[in-house]
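Here are my notes on the helix packing and the ring pairs, in the order I'd go through them with the viewer open. Have a look at the model first.

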Amino acid sequence: MDRIKAHIKGLTISSIFVLLPVFIGIFLWNELPDKLPGHFGLNGQVDRYDPKWVIVFVWPLIMLLLHILCSVMTIMSSKQTLSDKVITALFLIFPVISNAAIYMSYASALNTSLSVNNISAIMIGFIGLLMVILGNYVPKVKPNHVMGVRIPTTYESKRNWNYTNRIGAWCFVADGIIVVLASLISFITGDSLLLLTVLVVTTMVASLVPIFASINYKNKHKDEAGYYDKVD
């Protein structure tokens, strides 16, 4: 019960940060135009505008609902065996996305010196850093239904779970480091297309490698005694 109370406290604090763009938007209300950028294309240019009240109030509230839903499902899951540090790191995902996305809209509308590409690079850089942090915890997590390489071959064998998630951790950390470096280059050069390409390609590779590794491990060891010790 004390652990759940601590998580609820973390959820409350992180939820406030999810809503931080609302307070910034209210403060800047008179300076913001009636229509704000609602979506940016791959070239960093605005391709859709939304009413000011939608950007300032509706989108942060949607982010808040998603944040609460995902966090509560994680905290209350009967199969949740994650450490407190991992839960805390997971709490950072939606605050980062909410603030970066909304500030991109504010910055574009106000024509600030910090370009949309710069803000996008900062946001994705934080995501890369979060990947590095979470990747360090992946090999340590016990079988669960929240975090790790969760596919049929890992759930049917504890040995496969441990092996696959060690590989997945290395891939996740490497992916995060590459994304952080690409974000830095994008921030300096303003090349958002390069950053997006790196993000998509490296994340795809980092996701597929552990899956194939798990299948290969099963094919090699499935006939060994104790391989099918079930994941709890």
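1. Start where α2 meets α5: Leu20, Pro21, Ile24 and Gly25 on the α2 side are in contact with Ser98, Asn99, Ile102, Tyr103 and Tyr106 on the α5 side. Contact here means heavy atoms within 4.5 Å. Helices are DSSP runs (H or I, at least four residues), numbered from the N terminus.

2. Before going further, the ground rules. This is a predicted model, where local features need pLDDT of at least 70 and side-chain atom pairs count only at pLDDT 80 or more, while totals for chains, interfaces and linings use all residues. Residues are numbered from 1 along each chain as its sequence is written, and side-chain values use heavy atoms, with hydrogens and water left out.

3. Back to that pair. Helix α2 (residues 20–27) packs on α5 at an angle of about 20°, and the axes are 9 Å apart. The axes are lines fitted to C-alpha atoms over the stretch in contact, with angles running from 0 to 180 degrees between N-to-C directions. The two helices are therefore roughly parallel (angles under 35 degrees count as roughly parallel, over 145 as roughly antiparallel). Their crossing is right-handed, i.e. the near helix is turned clockwise from the far one by less than a right angle. By class, the contact of α2 with α5 has six nonpolar, three polar and no charged residues. For the classes, Ala, Val, Leu, Ile, Met, Phe, Trp, Tyr, Cys and Pro are nonpolar, Asp, Glu, Lys and Arg are charged, and the others, Gly among them, are polar.

4. Now α5 (residues 93–110) against α3 (residues 52–76): these axes come within 10 Å and cross at roughly 165°. That makes α3 roughly antiparallel to α5. This crossing of α3 and α5 is right-handed. On the α3 side the contact residues include Trp59, Met63, His67 and Cys70, and on the α5 side Phe94, Ile97, Ile102 and Tyr106 are among them. By class, the contact of α3 with α5 comes out at 12 nonpolar, three polar and no charged residues.

5. Is histidine 67 buried or exposed? At 0% relative accessibility, histidine 67 counts as buried (under 20% relative accessible area is buried, over 50% exposed, in between partly exposed; 1.4 Å probe, protein chains only). Histidine 67 sits in helix α3. Leaving out residues up to four places away in sequence, histidine 67 touches Leu11, Ser14, Ser15, Val18, Phe91, Phe94 and Pro95.

6. Take a look at alanine 89 too, in helix α4 (residues 84–90). Alanine 89 counts as buried at 7% relative accessibility. Setting aside neighbours within four places in sequence, alanine 89 is in contact with Leu130, Ile133 and Leu134. Alanine 89 and methionine 131 are 42 residues apart in sequence and 9.6 Å apart in space, C-alpha to C-alpha.

7. Last, the aromatics. Rings of Phe, Tyr and Trp (its six-membered ring) pair if their centres lie within 6.5 Å, with planes under 30 degrees apart stacked, over 60 edge-to-face and the rest tilted. That rule gives six aromatic pairs. Tyrosine 163 and tyrosine 217 have ring centres 4.4 Å apart and planes at 20°, so the pair is stacked. Tyrosine 163 belongs to helix α8 (residues 158–189) and tyrosine 217 to helix α9 (residues 192–221), 54 residues apart. Tyrosine 217 is buried at 12%, whereas tyrosine 163 is partly exposed at 26%.

Note on methods. Parallel < 35°, antiparallel > 145°, perpendicular 65-115°, else oblique.
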